[in-house]
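Here are some notes to read alongside the model. Have a look at the structure first, then go through the points in order.

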Amino acid sequence: MGTVVEWKIGDVWTQKEPFYLPVGKEIQLFEAAAAGRLPVMLKGPTGCGKTRFLEYMAYRLHRPLVTVACHEDLTTADLVGRYLLKGEETVWVDRPLTTAVKRGAICYLDEVVEARKDTIVVIHPLTDDRRFLPLEKKGEVIKVPDTFILVSRKT
């Protein structure tokens, strides 16, 4: 399958450059969006190279890539985090979106249109000039670093 660019909390990854052959100006457009801190929507049929393109761009921009497979059962807690019992204490556990924001990664929301509407509202402040992630259960707001890029995909 090739090199996996997924990043888990605490992992440091190195990899060789994934093969990607541009078909137009998609590299320049993605780099311009990243420089302007703009979200990106990828659209195309299954198998056209959207995921490979993101792996390549993560390598090119020296950023980790965090992928979230969106579906109708995805909750806000699945995206941002939740409190869990660990022994006799309650601890907060970050989930993929929070991890991506904290690490200044590329966060890839795969098939975002499949996610529940009440879950997707959490990404709204990441897609405009506010650039923050609210963690309501913790009573915190995380300022998004300039290196963070939100990418969603729709077939």
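**Notes on the fold and a few local spots**

1. Contact here means heavy atoms within 4.5 Å.

2. Keep in mind that this is a predicted model, where local features need pLDDT of at least 70 and side-chain atom pairs count only at pLDDT 80 or more, while totals for chains, interfaces and linings use all residues. Residues are numbered from 1 along each chain as its sequence is written, and side-chain values use heavy atoms, with hydrogens and water left out.

3. The protein has five helices and eight strands, in the order α-β-α-β-α-β-β-α-β-α-β-β-β from the N terminus. Helices (H or I, at least four residues) and strands (E, at least two) are DSSP runs, numbered from the N terminus. With a radius of gyration of 16 Å, close to the 15 Å from the globule rule for 155 residues, the protein is as compact as a globular protein of that length. That radius is taken over C-alpha atoms, and the rule is 2.2 Å times the number of residues to the power 0.38. The C-alpha trace spans about 55 × 30 × 30 Å along its principal axes.

4. How much of the protein is buried? Buried residues are 44% of the 155, where buried means under 20% relative accessible area, exposed over 50% and partly exposed in between (1.4 Å probe, protein chains only).

5. Now zoom in on β3 (residues 81-86) and β4 (residues 89-94), which pair in the antiparallel sense over six bridges. Strands count as paired if DSSP finds at least two bridges between them. Leu-84 sits opposite Val-91 in β4. The two strands make a hairpin with two residues between them, and Gly-87 in the turn has a positive phi of about 70 degrees.

6. Helix α4 covers residues 96-103, and its buried residues include Leu-97, Thr-98, Thr-99, Ala-100 and Val-101. Just after α4 comes Gly-104, with a positive phi of about 65 degrees.

7. Finally, take a look at Glu-111, in the loop between β5 (106-110) and α5 (117-120). Is Glu-111 buried or exposed? Glu-111 is buried, at a relative accessible area of 15%. Leaving aside neighbours within four places in sequence, Glu-111 is in contact with Cys-70, Arg-153, Lys-154 and Thr-155.
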